[in-house]
Structures are given as C-alpha cells and as structure tokens.
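Please look over the sequence and the model below, and then follow the paragraphs that lead from the contact between the chains to the strands and charged pairs inside them.

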Amino acid sequence: MSAPLIAPLIEAAGLSVAYRGEDGAPPLQALRAVSIAAEAGEVVGIVGESGCGKSTLAAALIGLLPGNAVVTAGTVRFRGTDFLALPEAGRRGLRGRHIAMAFQDPMTAFSPVLTIGTQLTDFQHHLAGQGRAARRARAGAMLARVGIADAARVLDHYPHELSGGMRQRAAIAAALLMTPEVLIADEPTTALDVTMEAQIIHLLRELRRDYHGAIIVVTHHLGVVGELCDRVHVLYAGEVVETALVDDLYHRPAHPYTRALIACDPAGLTGVTRPLPTIPGRVPELAPPPPGCAFAPRCTLATARCHIEAPPWVAVGPGQGARCHEARPRGCDPGGTDPKGADANGAIR
Amino acid sequence: MLSYAIRRVLLAFLILFVVMLAMYGMVFLVPGDPASVALGPRATPELKALLTARMGLDQPVAVQIWNFFRNAAAGDLGFDVWSRRPVLEVILEVFPRTLVLGLVALGWAVGLGVALGCLAVVWRGRPVDRLLGVLSVGMIAVPSFVVALYSLVIFSVWLGWLPAIGAGERGDFWGQARAVVLPAFAVGIGWVGYTARLVRAAMLEVMGASHIRTARAFGLPERIVVTKYALRVAIIPAIAIIAVGLGGILSSAVFVETVFSRPGIGTLITGAVQKRNYPVVMGTVLFMTAFYLLVVTLADLLIARLDPRVRDVLRG
Ligand SMILES: Nc1ncnc2c1ncn2[C@@H]1O[C@H](COP(=O)(O)OP(=O)(O)OP(=O)(O)O)[C@@H](O)[C@H]1O
Ligand SMILES: [Mg+2]
C-alpha cells in the first residue's frame with residue numbers, strides 16, 4: 001500500500017471491527033485489519049459484494065458503529081487525530097460539518113414524518129448563529145445545485161413524496177450542506193434504475209470538479225467505481241484484498257477476486273450472455289473467519305497453501321497491492337502509468 | 001383527508017347505531033317488563049298500564065325502536081324515573097366532573113409516562129432503565145381503587161392535606177382543583193407505567209431506524225434526536241392506544257368516584273343501577289359510548305395529521 005508522506009485527510013489504519021454474537025455465539029468479524037486512506041481532492045472507491053463489510057467501514061469512518069459493534073484493533077484518524085478515541089461530543093462536532101455521509105437506501109434515510117426542508121435545516125445546526133430561514137434558504141440552494149428542479153417546493157415535501165432519484169439527490173445535498181472535507185457516499189446508486197444511476201454518477205462527477213474535499217464512494221458495482229474513482233480498495237469478507245488506481249484495477253487486476261468481479265461486471269460484457277456470469281460459491285462465514293485466504297474456496301488458482309496460510313500483502317506495482325499468495329510484483333511494466341500523474345489528472349477515461 | 005374524516009365519522013355513527021340496537025335488545029332481555037321493574041313490587045295494575053302507555057311499551061316493537069332512535073337523535077334520552085328530570089340533563093350536570101377527572105388523570109399520566117419512556121431510552125440498559133421498568137409494571141398491576149383507598153387514607157385522613165370526599169364547590173376553583181388531585185392520581189397512575197412502557201418500546205424500535213442514524217450522522221444533539229426525530233414517530237402508535245385506553249380511564253373513574261364520593265358519571269351510573277333506574281343507566285351508557293367514539297375518531301384524525309404517509313394513503 002502506498003505510504004503517504006503526510007498524514008492523510010482521513011484514514012482507517014489496521015481497523016478491525018467485530019459484531020458481538022447473540023447468546024454466546026462467536027463474534028462476527030466484519031472488518032479485519034482494514035487500512036484505507038483518502039486525500040483532499042481524491043475520489044476513493046470501496047467495492048465488494050454484499051455483506052463484505054462496506055457499510056461497517058463507512059459507519060466506522062464517521063464514528064457511528066451500531067451498539068453491538070466493537071473496534072478490536074486499529075484506529076480511524078481524521079487530520080491525524082484519533083476519531084474513535086474522541087469523546088462523543090467531539091465526534092458529534094465533526095459529524096456533518098467535517099465528515100458527512102449520504103446513506104445507503106435513501107428510502108429510509110430521512111425521517112418519514114418531517115419535511116425535507118425541516119430535516120435539511122436541522123442538519124445545519126452547526127450554523128446555530130444563522131436563523132432557520134437562512135438555513136432553509138441554503139438547503140433550497142443546495143437542492144437546486146444537485147439538480148432538483150423546483151427546489152423551493154421540494155423543501156415542503158415529505159420523503160415519500162419524492163422519487164428514488166430525487167431522494168438520493170436530496171441525501172447527497174444533505175451531506176454537502178456544510179461543505180465537509182470528507183463526503184462518504186454509501187451505495188449512492190444501488191436503489192436506482194439504470195437511468196437514475198447514470199444521472200447520479202453524472203452529478204457526482206460534476207461535484208468532484210468543484211468540490212475539493214475527499215469523496216469516498218462505497219458500492220458493489222464496479223462500473224460506478226470506473227466512472228468516478230481515482231483509487232479503489234476491493235473488500236472481500238472484511239479484508240482489503242486489493243488496492244489499486246482505477247486504471248490498474250481494470251487493466252492489470254492482481255487479485256483473483258478482482259478479476260472475477262471484472263468478469264462479472266455487466267457493463268464490461270460484450271454480446272448477450274444469459275444468464276449473467278456470477279462468481280461461483282458464496283461469501284464465507286465471518287464468525288469466525290476461515291483460516292488461510294477467505295477467497296480460496298471460490299478461487300480457481302487456489303493451492304493447498306491458500307486454504308491454511310493467510311496470504312501476505314504483496315506490493316505488485318506503484319500504488320497497487322494485493323493480499324494473495326499468487327500475486328507477484330510486476331517487473332518493468334511497459335504499459336504502467338505513473339500513479340502520481342494519474343492522480344493529478346483525475347484518472348478518468 | 002376530508003373524505004377520510006367523513007368516512008371515519010360515518011363509521012362512528014354506524015357503531016353507535018349498532019350499540020343502540022344492542023342496548024334496546026337488552027331491555028327485552030331483562031326479566032319482567034320495564035314498567036314493573038321501574039315501579040317495583042308494590043305497583044298496582046292501573047299504575048303499570050299507565051306507565052306502560054307513557055313509556056310507549058304498548059306500541060309495536062318497530063315503532064318503539066323508531067321512537068327510541070328518533071328521540072335519541074333529538075337528544076331526548078328519556079326521563080329519570082326518580083327525579084323525573086330529562087336523563088340528558090342529569091348526565092350533563094355531572095359529566096364535566098368526570099371529564100375534568102379523566103383529562104387531569106390522562107394529562108399527568110401521559111406527560112409523565114412519555115417523559116419516563118424517553119428517559120428509559122436515553123439510559124437504556126442502565127440501572128435507571130431497569131428501575132423504571134420494575135416501577136411501571138408495579139404501577140400497571142395495582143388496581144386504581146386500591147390506590148384510591150390508600151391515597152385517601154394517607155393524604156386525607158392521616159395527613160389532612162387534601163379533601164377526602166366531594167368535588168369542591170361550584171365556582172371555587174382551588175377547592176375543585178384540590179378535590180381532583182387524589183382521584184386523578186389514582187386514575188392516572190396505572191397509565192404512567194403503561195405509557196412509559198409503550199413509549200419506551202416504540203422509541204427503541206424507532207431508535208434503530210436508519211433515519212435516526214442519519215440525524216446522528218449530521219451531529220444533531222441526542223436531545224433533539226430523541227425528542228424530535230424519534231418521539232415524533234414513536235408517539236403515533238401511542239396516541240392510538242391511549243385513545244382506546246380512554247375507555248379504561250373512564251371505567252376506573254367509576255371506581256374512584258365511588259371511593260371519593262365524587263359526583264360524576266361513575267357515581268351516577270352506580271347509583272342508577274342500584275335503584276334500577278333504567279332510563280338513566282341506558283342514557284349514560286349511550287352517552288359514554290358516543291363520547292368514547294368521538295375520542296377514538298378524533299385520535300384517528302390526529303394520527304392522520306401527524307403521519308404524512310397515512311395522510312397520503314388516505315388521499316390517494
Ligand atoms: N448491526 C449488526 N449486527 C450484527 N451483524 C451485522 C450488523 N451489521 C452488519 N452485520 C454483519 O456484518 C457483515 C458486514 O455487513 P455490512 O452491512 O457492513 O456489509 P455491506 O458490504 O455494506 O453489505 P451490503 O452491500 O448488503 O450493504 C455482514 O455479515 C452483516 O451480516
Ligand atoms: Mg451496505
């Protein structure tokens with residue numbers, strides 16, 4: 001993993017999170033030694049199948065893990081300070097203002113009995129100095145900015161009166177209200193149909209042009225990552241199995257799981273294949289996690305060693321690494337791009 | 001919303017109609033004919049015939065039922081057999097006392113219950129929460145007339161702080177206020193525990209909802225998360241149950257009014273039953289049924305106002 005010279009804007013370092021089991025059941029290890037980081041101006045993607053711990057990671061980054069979750073190792077740092085060690089009041093001061101989150105499933109993310117306007121006004125409580133009217137006006141302006149026509153009227157609507165796409169836009173608008181340094185979008189397009197998804201991706205791409213904070217996009221959809229992100233962390237069964245710049249990830253994936261994900265991405269398929277390809281097998285149990293490589297049972301390259309010995313982190317190239325026994329550092333790769341250059345250009349094709 | 005309101009009111013009238021039919025049927029099930037029951041064992045046949053004619057009991061059943069409904073619709077619930085005053089007048093004379101008792105009891109009980117329920121949620125799992133849990137079960141389990149008897153003995157007889165009987169003189173506000181304290185305490189105490197448990201359960205469910213996590217993710221203070229975002233959702237099922245429970249409040253008022261010899265619907269109906277004063281019994285039951293339906297209907301309309309989702313389902 002690339003070692004940043006200065007402390008990153010936000011990072012999880014060796015973070016392990018477990019959910020306590022009910023009635024003496026063993027704890028479910030949702031995250032194991034996860035390290036990710038995001039810099040200002042950067043869009044970082046976190047991909048993985050359902051249940052691999054994406055939402056848990058997102059919740060940990062904003063310090064809102066559910067009550068039955070325990071951080072067993074590692075830290076979350078915002079501007080170098082240990083976020084999880086802060087008292088609750090300190091964390092609350094950061095939330096919304098410095099780190100904001102657009103939640104998965106905008107259907108239930110807003111209170112059903114308060115209007116969008118009321119909620120977006122409340123969410124700006126950090127600006128207590130301004131009156132409600134001023135904050136409401138800001139909310140209206142932000143709704144207009146995320147592409148909601150008729151924003152003034154939408155303020156008076158209840159969440160269920162909006163379409164899925166509008167709600168998702170409203171959720172993003174809410175997260176942007178305080179121009180936070182870190183914006184976390186958990187599955188921003190999952191609940192939407194293809195047209196809506198394209199619109200939201202378009203919106204996020206526009207946002208990254210004039211927004212200078214870090215954006216962390218959580219998704220199980222590799223296509224979204226390709227459209228939006230500079231850098232990607234692939235999560236599998238609670239572990240980061242591969243980290244790469246988005247170009248490298250698509251063209252030179254180092255982990256068999258990443259390759260399988262790319263092979264299953266409907267957008268990358270040519271011609272009509274039915275049924276859609278899937279990765280055979282299922283995500284492993286995490287209470288407790290299997291010894292050896294968690295992906296081994298589904299992996300076509302797995303050897304006997306993969307089932308017993310946990311794979312090491314292998315740096316395969318600049319800014320790219322994979323947790324795999326079979327991964328090898330790339331030699332002098334003629335097609336390799338300079339990661340710094342790609343970073344600066346935004347690395348979007 | 002308007003069409004929902006109209007439908008709701010029509011439904012209330014339908015229920016009232018069925019209740020009235022059932023009540024009328026009851027009159028025929030009572031052993032002996034109403035006239036002899038009203039007049040008692042010493043009635044002469046002439047007197048009985050006279051009363052039967054005056055009560056319209058010599059008419060065909062259909063006509064009797066029609067008259068009953070027509071009179072009830074016009075607010076004529078018949079005459080008190082003993083005092084010969086219109087039943088409605090007798091009821092309206094004491095009803096405000098019961099209404100005040102019920103409202104004061106409901107008010108303090110629900111207010112305190114909601115507050116305790118919220119506290120239990122904020123401190124969930126801590127000793128305070130467990131203590132509140134035990135206390136509220138205790139409060140629900142003790143019958144209101146037992147509370148009434150004990151509070152009467154302690155606060156009126158031993159300590160002499162509050163009046164033991166009556167409802168205070170008309171026009172004497174403080175006298176009336178002092179007289180309502182103990183009865184309202186006795187009637188309401190079960191409801192404190194009940195409301196607290198109800199609100200706690202509803203709140204705990206709501207606190208796990210994702211919109212609460214959203215509110216927290218924006219750093220909203222816990223106080224606002226609980227009182228605005230969670231309570232606003234959790235109170236909706238509580239309102240429905242409290243409205244239905246008003247029936248329970250009114251029936252415990254019957255006992256408590258008797259204990260405190262407090263004029264009201266409770267003392268009226270117990271007295272009327274003892275004296276076989278059927279027009280008063282029937283009129284009171286009918287009146288209270290109508291009142292109860294009114295409250296439940298209003299609660300439904302309030303819920304529709306508070307929950308925009310219900311409002312829209314109704315509109316659509
Ligand atoms: N509150 C909880 N209590 C217990 N286990 C949980 C809890 N939340 C999540 N888990 C478990 O932790 C693991 C990771 O869940 P998480 O929600 O982080 O996955 P995800 O990648 O976001 O999935 P999805 O794509 O479905 O949103 C899953 O096995 C899930 O069952
Ligand atoms: Mg998730």
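This is a predicted model: local features need pLDDT of at least 70, side-chain atom pairs count only at pLDDT 80 or more; totals for chains, interfaces and linings use all residues.

With which residue of chain A does B:Lys228 form a salt bridge, and how far apart are the closest N and O atoms? The partner is A:Asp122, and the closest N and O atoms of the two residues are 2.8 Å apart; a salt bridge here is a side-chain nitrogen of Lys or Arg within 4 Å of a carboxyl oxygen of Asp or Glu. Between chain B and chain A the count is 1 salt bridge.

Residues are numbered from 1 along each chain as its sequence is written, chains are lettered from A and ligands numbered from 1 in the order in which they are written, and side-chain values use heavy atoms, with hydrogens and water left out.

The size of an interface is often given as the accessible area lost when the parts come together. For chain B and chain A the buried area is about 2200 Å², of which carbon and sulfur atoms give 63%; buried area is the accessible area (1.4 Å probe) that two parts lose on being put together, summed over both. On the side of chain B, B:Arg213, B:Phe218 and B:Tyr229 lose the most area to chain A, and together they account for 30% of what that side buries.

Within chain A, attention can turn to strand E3 (residues 43-47), of which 5 of the 5 residues are buried, so the strand is largely enclosed by the rest of the structure. Buried means under 20% relative accessible area, exposed over 50%, and partly exposed in between (1.4 Å probe, protein chains only). In a regular strand the side chains alternate between the two faces of the sheet. From E3(A), A:Val43, A:Gly45 and A:Val47 point one way and A:Val44 and A:Ile46 the other way.

Strand E3(A) is joined by 5 bridges to strand E8 (residues 214-219) of chain A, the two running parallel, and A:Val43 has A:Ile215 as its bridge partner in E8(A). E3(A) also pairs in the parallel sense with strand E9 (residues 231-236) of chain A, over 4 bridges; two strands pair if DSSP finds at least two bridges between them. In E9(A), A:Arg231 is the bridge partner of A:Val44, and A:Val232 is that of A:Gly45.

E9(A) is itself mostly covered, with 6 of its 6 residues buried. This strand is joined to strand E10 (residues 239-245) of chain A by 6 bridges, and the two run antiparallel. They form a hairpin with 2 residues between them, and A:Ala237 in the turn has a positive phi of about 50 degrees.

Charged pairs also occur within the chains, and a search of the whole structure finds 19 salt bridges over all chains. One of them joins A:Glu187 and A:Lys54, whose closest N and O atoms are 3.7 Å apart. A:Glu187 lies in the loop between strand E7 (182-186) and helix H8 (194-210) of chain A and A:Lys54 in helix H1 (residues 54-61) of chain A, so the pair ties together parts that are 133 residues apart in sequence. Both A:Glu187 and A:Lys54 are buried.

In chain B, the side chains of B:Asp129 and B:Arg200 meet in a salt bridge at 2.8 Å, N to O. B:Asp129 lies in helix H6 (residues 127-141) of chain B and B:Arg200 in helix H8 (residues 173-207) of chain B, so this pair ties together parts that are 71 residues apart in sequence. B:Asp129 is buried, with a relative accessible area of 5%, whereas B:Arg200, at 28% relative accessibility, counts as partly exposed.
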